[in-house]
Structures are given as structure tokens and as C-alpha cells.
Amino acid sequence: MPKTVTITGAAGQIGYQLAFRIASGQLLGAGEKINLNLLEITPALDALKGVAMELEDCAFEALSEISISDDPSIAFMDSDYAFLVGAKPRGPGMERSDLLQENAKIFSAQGKAINENASRDIKVLVVGNPANTNALIAMSNAPDIDKSAFTAMMRLDHNRALAQLASHLKCHSSELSNMTIWGNHSTTQYPDVSNLKLNGKNIASSLDITWVKDDFIPRVQNRGAEIIKARGLSSAASAASAAIDHMRDWTVDTKTDDWVSMAIPSDGSYGVSEGIIYSFPVTCENGSYSIIQNLEIDEFSMASMKLTEKELLEERAAIEELL
Ligand code: NAD
Ligand code: LMR
């Protein structure tokens with residue numbers, strides 16, 4: 001029985017990357033058949049038809065059916081995996097939080113459509129910004145679906161951090177592990193190297209702390225803006241790649257001896273308020289994630305984690321009526 005994968009905003013920049021990579025088997029493997037349900041707004045349906053034609057022309061082994069629609073209740077019908085990408089991106093000079101009111105309504109409507117139509121075991125990844133609070137809105141509008149099904153993307157930040165560290169340490173990013181991004185996918189996120197390992201050996205204490213605080217952390221926090229400035233458009237291929245990493249690890253298990261960063265409904269771990277979608281270090285097994293517990297948190301880390309929590313609480317207050 002093919003799995004159904006829904007992509008919203010499928011004619012946009014990220015959607016255009018994501019659809020082909022998923023259809024080629026990079027999410028579930030080339031041997032696993034999938035149906036692709038692609039959602040767009042009505043004016044983008046012609047462009048979406050073009051995307052569907054190109055997908056057909058690839059003759060992907062894994063791809064069974066393609067459905068295109070501007071109706072969320074069709075796009076989320078029996079959906080097993082949903083990538084909620086469709087939303088307005090920010091332009092130069094904007095913060096992601098500037099998109100809050102504009103994008104919030106999309107996620108309440110899609111949460112309702114998920115609640116009414118999707119598989120009860122759906123896994124949802126919100127990419128559209130501000131991703132964490134949009135995930136909270138979708139989750140709150142889908143009361144019949146387990147809350148743990150709603151996540152937001154921090155994997156791009158996680159991968160960006162590994163890439164910066166690898167370049168600084170003159171190693172390959174695959175040799176690094178146990179990196180954590182805490183909090184919000186915004187400039188308040190806290191890229192935390194306290195547990196960083198190189199080839200299995202803890203190297204946190206040997207890192208140049210001035211470089212970590214003055215270069216590394218702000219670089220990762222502001223990488224989205226750096227890309228927008230360079231491209232004139234927000235990150236797309238790297239975002240699609242991170243979305244696949246996130247969903248694949250959630251489905252297929254994380255590597256042993258490592259963890260990944262996922263924004264998930266807070267359960268109060270590390271003193272983080274419940275009722276927000278906050279990024280924690282997690283491992284995934286048998287389709288479920290669990291937060292790594294009992295990490296030592298120093299004063300700097302705690303202050304940084306609180307700052308990003310505060311921003312998420314403020315974002316929640318700004319859209320309270322949609323919850
Ligand atoms: P884009 O403008 O190229 O594409 C967005 C698409 O969404 C458009 O085709 C648009 O028609 C569609 N859309 C808008 N409203 C919709 C709705 N209600 N239903 C279905 N489709 C809808 O933008 P993009 O570059 O693909 O970025 C998409 C979102 O992802 C933006 O919000 C961007 O900020 C965000 N983003 C997040 C991360 C992350 O790490 N979380 C990374 C990169 C981009
Ligand atoms: C990113 O981090 O690249 C995206 O969230 C796009 C943005 O607005 O920064």
C-alpha cells in the first residue's frame with residue numbers, strides 16, 4: 001500500500017526541490033511506493049500542473065499517483081507524511097516574526113483539514129515561517145491527532161551549525177555529533193556546542209569560546225538572512241534537504257550515539273514552558289522521538305534557552321485567538 005505524502009506550497013522554491021527528491025525515493029527509499037498530494041493556492045495551480053507533468057516525466061520507480069489541488073481537504077486525505085511549506089517567505093530586512101499574522105491563518109485551516117482527513121498516524125513537519133508557532137497553530141486546530149505528530153524544522157539550523165564547525169575545525173561534518181539547537185527557528189535560537197563530539201570524543205572544552213560566542217553562534221542564528229542577502233531569495237535547496245533529513249530520521253531512526261534537533265511540543269523538559277513548539281535534542285526510534293534528558297546546562301546556556309523560550313511565548317500571545 002503506497003504511503004501518501006502531502007506537500008503544501010508545492011509550486012514554490014522549496015516545494016519544487018522537495019517533490020522531486022521525495023518522489024525519487026530519498027524519504028522512504030526507492031523501493032517504497034508513494035502517492036504525492038500537492039497543494040497550492042488557486043492562482044498557482046497552473047504552475048503546479050507543470051510540476052506534476054515534470055514529476056511524471058521523471059518516471060520515478062517509487063511514485064504511484066500524483067494529485068494536485070487547491071483544497072486542503074483533498075491534499076490531506078489519508079496523508080501519512082505532511083510537509084507544510086506553503087507560506088510567504090520573508091524578504092531582505094524582515095524578521096521571520098514579521099510573517100506571523102500573514103501566515104498564521106493558513107496553518108489553522110490546514111490543521112483543521114488534517115484533523116478531518118489525514119491518517120491518525122500522520123507525521124507533520126512545518127517549514128513555513130514562523131515555523132514553530134505555525135506548528136503550534138496547526139496542532140491546536142487538530143484536536144483528534146496526537147500532539148506529538150506536530151513538529152517544526154530546526155534541522156537546517158542544526159546542519160548549518162555542523163557545517164560551520166566542520167569548516168572551523170578542518171574536519172568533515174559527518175565526524176561531528178551531539179550538536180544541539182534549542183528553541184525557536186529565529187535569531188534567538190541557541191546553537192549549543194556544550195556536548196559536541198569529534199569522532200566520538202567530547203571536544204567542547206577545547207573549542208575557542210570567543211569564536212563560539214562572537215562568530216559561530218551569531219553566524220548560525222543569522223544564516224537565513226545571509227542567504228537572503230546573497231540570493232535575493234530565501235534558502236530553498238538546503239531547506240528541502242533538511243526537511244527530508246528531519247522526516248527520514250523521525251521515520252527510520254537516528255544514528256546511534258548521536259541526536260538531532262527537532263522543534264516539538266514542549267513537555268516541560270529542562271524547565272521549558274509547555275504549550276510551545278521548542279527545539280530540543282532528540283533521538284528517534286520506531287517512528288517516535290524522545291528528548292535527551294539530564295544534559296548539564298551551564299548559566300550561559302540556561303540564559304540563552306530562556307531568551308528563545310520568551311520569544312516563543314510572545315509569538316503565542318500574538319496569535320492566541322487562533323489556538
Ligand atoms: P515560495 O514563495 O517560493 O513558495 C511558497 C509557496 O507557497 C508559493 O508557491 C505559494 O503560492 C504557496 N502558498 C501560499 N499560501 C499557501 C496556502 N495557503 N496553501 C498552499 N500553498 C500556499 O517560498 P519558499 O522559499 O518555498 O518558502 C516557503 C516557506 O518556507 C517560507 O515561509 C519560508 O520563510 C520558509 N522557510 C523555512 C525554513 C526553515 O528552516 N524552517 C527554511 C527556508 C524557508
Ligand atoms: C532560513 O533560515 O533560511 C529560512 O527560515 C528563511 C528565512 O527567512 O531566514
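In the predicted model, 38 residues of domain 1 are in contact with 39 residues of domain 2, contact being defined as heavy atoms within 4.5 Å. The two domains, whose bounds come from an automatic or database domain assignment, span residues 3-152 (domain 1) and 155-318 (domain 2) of the protein chain. Their C-alpha centres lie 23 Å apart. Residues are numbered from 1 along each chain as its sequence is written, chains are lettered from A and ligands numbered from 1 in the order in which they are written. Because the model is predicted, local features need pLDDT of at least 70 and side-chain atom pairs count only at pLDDT 80 or more, whereas totals for chains, interfaces and linings use all residues; side-chain values use heavy atoms, with hydrogens and water left out.

The area buried between domain 1 and domain 2 is about 3,000 Å², with carbon and sulfur atoms giving 63% of this area; buried area is the accessible area (1.4 Å probe) that two parts lose on being put together, summed over both. Of the area that domain 1 buries against domain 2, Arg-96, Lys-123 and Asn-132 supply 21%, more than any other three residues.

On the side of domain 1 that touches domain 2, two or more residues each are given by helix 1 (13-26), strand 4 (81-84), helix 4 (100-117), strand 5 (123-126), helix 5 (131-140) and strand 6 (150-152). These elements are DSSP runs numbered from the N terminus, with helices (H or I) of at least four residues and strands (E) of at least two. Helix 1 provides the largest share of this side, seven residues.

Ligand 1 is surrounded by 24 residues, the closest being Gln-13, Ile-14, Glu-40, Val-127 and Asn-129; a surrounding residue has a heavy atom within 4 Å of the molecule. Oxygen atoms of ligand 1 lie 2.8 Å from a polar side-chain atom of Gln-13 and 3.0 Å from a polar backbone atom of Ile-14. A nitrogen atom of ligand 1 is 3.4 Å from a polar backbone atom of Gly-9.

The residues surrounding ligand 2 include Asn-129, Arg-160 and Ser-235. An oxygen atom of ligand 2 is 2.8 Å from a side-chain N or O atom of Asn-129. For Arg-160, a polar side-chain atom lies 2.7 Å from an oxygen atom of ligand 2, and a side-chain N or O atom of Ser-235 is 2.7 Å from an oxygen atom of this ligand. Pro-130 is placed in the loop between strand 5 and helix 5.

The salt-bridge count comes to nine. In one of them, the side chains of Asp-46 and Lys-49 meet at 3.6 Å, N to O. Asp-46 and Lys-49 are separated by about one helical turn because they are three residues apart in helix 2 (residues 45-57).

Asn-199, in the loop between strand 10 (197-198) and strand 11 (201-202), has a positive phi of about 45 degrees although it is not a glycine. Most residues other than glycine have a negative phi, and most peptide bonds are trans.

Terms used:
A polar contact is a pair of N or O atoms within 3.5 Å; within protein, one must be able to donate a hydrogen and the other to accept it, and residues adjacent in sequence count only if both atoms are side-chain atoms. A salt bridge is a side-chain nitrogen of Lys or Arg within 4 Å of a carboxyl oxygen of Asp or Glu.
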